[in-house]
Amino acid sequence: MGLFTGKTVIVTGGGKATLKDGSAGSIGYGIDIAFAKEGANLVITGRNVAKLEAAKESLEAEYGVSVLPVAADVSAGQDNEAVVQNVIDQAIAKFGRIDALVNNAQASASGVTIADHTMDQFDLAIYSGLYATFLYMQKAYPHLKETRGSVVNFASGAGLFGNYGQCSYAAAKEGIRGLTRVAANEWGADGVNVNIVCPLAWTAQLENFQAAYPEAFAANVHMPPAGHYGDVEREIGRVVVQLCGPDFKYMNGETVTLEGGMGQRP
């Protein structure tokens, strides 16, 4: 019996990505694996249907869990409440319960200064990150209240430390942190705890960046004091599992930095 056997977890941005060695290559997929190893049935969302289907195939074959992929993209100019409600409705129709929600999905235009940022670029980050997190929390809340479940939202050192060229991304992530703290106050009495993770991990995106632009990579991507970048499953995903488990129910409204020593703050 795993920690989440018979339970249901929603992971946004949960499509499959792999490194060149075949291991998990995105934070969302690392979270998928960590929960699947604990027996959780998964509802995974994202924009890329092929990546969602690939995740379903691998997770079901390797871990014997049930995975429901649902294409969902929160963006400007559409009925985003309906998009998110559809995910929740499908989750309940298939599994009958929601025990944890992990808001990992986020898009942004990095490397663009405040002076050069367009409204479309700003909207991209705010809709995919802050609005998506708000809507998933709001629509999942009645079901999380029933199960006394947990929420883990993703923020970033970009917001904590004001990284150059990441204004919309930082704004979205700090908005998510504020939303999380309010939810911790409002939902604590319902037994629903809500926390934040700020990760630094080795991903396929970073691997490709290093191969394509080695000089830019060396100038902009810094090695943490730990001497390695986080593993998306072992050092990010497994922490998320624990934050959603019974041992951490009293932790509520907190920000956990998983950056190998780079995320230190007062």
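In what follows, Ala, Val, Leu, Ile, Met, Phe, Trp, Tyr, Cys and Pro count as nonpolar, Asp, Glu, Lys and Arg as charged, and the others, Gly among them, as polar. The model is predicted, so local features need pLDDT of at least 70 and side-chain atom pairs count only at pLDDT 80 or more, while totals for chains, interfaces and linings use all residues. Residues are numbered from 1 along each chain as its sequence is written, and side-chain values use heavy atoms, with hydrogens and water left out.

- Helix α1 (residues 27–37) packs against helix α9 (residues 232–243) at an angle of about 60 degrees, with the axes 8 Å apart; axes are lines fitted to C-alpha atoms over the stretch in contact, and angles run from 0 to 180 degrees between N-to-C directions.
- The pair α1 and α9 is therefore oblique, given that angles under 35 degrees count as roughly parallel, over 145 as roughly antiparallel, 65 to 115 as roughly perpendicular and the rest as oblique.
- In the contact (heavy atoms within 4.5 Å), I27, G30, I31, I33, A34, F35 and K37 of α1 meet V232, E233, I236, G237, R238, V240 and V241 of α9.
- The contact of α1 with α9 divides into nine nonpolar, two polar and three charged residues.
- With helix α2 (residues 49–63), α1 makes an angle of about 25 degrees, and their axes lie 10 Å apart, which means that α1 is roughly parallel to α2.
- Y29, D32, I33, A36 and K37 of α1 contact A55, S58, L59 and Y63 of α2, giving six nonpolar, one polar and two charged residues.

**Helices α3 and α4**

- Helix α3 (residues 80–95) and helix α4 (residues 119–147) pack at about 45 degrees with their axes 9 Å apart, which makes α3 oblique to α4.
- The contact joins N80, E81, V84, Q85, V87, I88 and I92 of α3 to Y127, L135, Y136, Q138, K139, A140 and H143 of α4.
- Eight nonpolar, four polar and two charged residues make up the contact of α3 with α4.

How values were computed
Helices (H or I, at least four residues) and strands (E, at least two) are DSSP runs, numbered from the N terminus.
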